[in-house]
Amino acid sequence: MRKSGQNGLNAFFYAQIFYEVNFLESNIFLEREPVGKLMVKYSVPLIVSLLVAALYNIVDQIFIANADYLGSNGNAANNVVFPLTVIALAFTLMIGDGVCAFVSMSLGARETKQAGDSVGSAALLSSTAGIIIAVIYWVFRDEFLTFFGGRVNDETFRFAQEYFMYIIPGIPFYVFGQAMNPIISADGSPNYVMFSTLMGAGINIVLDPLFIFGFHWGMMGAAVATIMGQIFTAFMSFWYISHKMKAVEFSRSNLHYNVRLMKRYLPLGLCSFLSQISIVISVAAVNLMIKKYGMLDPVFSRPEYSQIPLAVIGIVMKFFQIVIAIVVGLSASCTPITGYNIGAGRNDRVKSLFSLLLICETVIGVIAFVIVEFFPAEIADLFGASGESVYYMNFTVKCFRTYLCLIVLACINKAAFIFIQAMGRPWTSAGLSMTREIIFGAGLTIIMPVYMGLDGVLWSMPASDALTFIVSIIVIAMIYRQLGRRA
């Protein structure tokens, strides 16, 4: 269910490379090999992991949309539940990324007992957090669904209830598995994480059509397929920490709540937590404004079409998520290269790397722009447009072309923010990310529809990206000046 959370994966990647840099004697290659070659080497596994994680929700939506008894109502329901999974992910990343960084520091200081105790504490804490979140979701499930726009019509709300009810039991497995993944990488086994994630997503992809089309389980089938994949990943994580830990000395004696260590590692994951919460606020604003102003639209105010805007905006966000997975994977691959070369005083290489990154991210953004502007109908067909009304297709095309018209700037913004974190300024990065999602993202989403109606929601995304880009240009110029002074 890991469907978002890209910023938080920087700590994940820090830990993965920390093991290599501190425990292998060949780390000098980070200073000597061409930066482009290094970027490719480190970006591929991370991009693959992020894309696979993104597939969980996207695959659900594709199969739901193409089931004639679910269609756009089912897609809208899936979009309603999406921010609730991000909330769970926020707590997951605060634990996992925090411990990931703490374990790396402990291993570097050769404090292996402390590293083991922090892993044991995190395993218990993530299990407890998953159970608590699941209980809260179960008790207040209708209230949560209503808050995130689920009552756009009765059919959508019913589907959202069904999907969420079966997703909730998987929350503890999801939280545990995803919290352990960065820890496993910190132990020096990033390929194990990639394999378990791939297998979990594969299970979801295989079971989705079986449950939705074969057994006609509807939204329940999509949810059960998802949690089966999560259970597998959680089991793989449990197996690793209990049987295969390498750098970290871990045993049952490490399994206890350690408040002293929690106070040290949880703040290290706070940036990841805040980044995810800012996304929740932005998505909530979009969903609520879509619902509110859709009801004022002459077409979407009709009950049989009222779910279309909510379903479509969810599809557009999922495509954007795929693009951002590539952007973040490429940007995060610069983290170890940047850190090592700054430490080695090779700021000329850092500057070259940043320039290369910005060029690559611009190219990715241009490719994505071409797709959304020239092939939106083909994307819509993947999500069941052929079985829907003409209003569904028309709004999908309009939404893609409007909402993502400045996707090039969005790619550059994200790259700049991650590079700032790679240079050792996580709070600056988190602050900029929250500015984009809350001040610009949520703020403009609420203000612009007052003057433009439903179109205002669609134009709020490019407006936010444009304003953020102004900030990014200033930040980029500052980075170049700093690197020039240090060179």
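## Aromatic contacts in the predicted model

Phenylalanine 319 is buried, with 14% relative accessible area; here buried means under 20%, exposed over 50% and partly exposed in between, using a 1.4 Å probe and protein chains only. The model is predicted, so to speak, with local features needing pLDDT of at least 70 and side-chain atom pairs counting only at pLDDT 80 or more, while totals for chains, interfaces and linings use all residues. Residues are numbered from 1 along each chain as its sequence is written, and side-chain values use heavy atoms, leaving out hydrogens and water.

Phenylalanine 400 is also buried, at 0% relative accessibility. Now for the rings: 15 aromatic pairs turn up in the whole structure. Rings of Phe, Tyr and Trp (its six-membered ring) pair if their centres lie within 6.5 Å, and planes under 30 degrees apart count as stacked, over 60 as edge-to-face and the rest as tilted. Phenylalanine 319 and phenylalanine 400 pair edge-to-face, at 5.8 Å between centres and 80° between planes. Because phenylalanine 319 lies in helix 13 (residues 308–332) and phenylalanine 400 in helix 17 (residues 390–403), their pair ties together parts 81 residues apart in sequence. Helices are DSSP runs (H or I, at least four residues), numbered from the N terminus.

Phenylalanine 354 and phenylalanine 419 are stacked, with 4.3 Å centre to centre and 25° between the planes. This pair links helix 15 (residues 347–374) to helix 18 (residues 407–422), 65 residues apart. Phenylalanine 354 is buried at 0%, and phenylalanine 419 is buried at 0%.

Elsewhere, Tyr137, Phe144 and Phe164 form one aromatic cluster.

A charge sits over a ring if NZ of Lys or CZ of Arg is within 6 Å of the ring centre and within 35 degrees of the ring normal.

| Charged residue | Ring | Distance to ring centre |
|---|---|---|
| Arginine 151 | Phenylalanine 157 | 3.9 Å |
| Lysine 318 | Phenylalanine 82 | 4.6 Å |

Definitions and conventions:
Helices (H or I, at least four residues) and strands (E, at least two) are DSSP runs, numbered from the N terminus.
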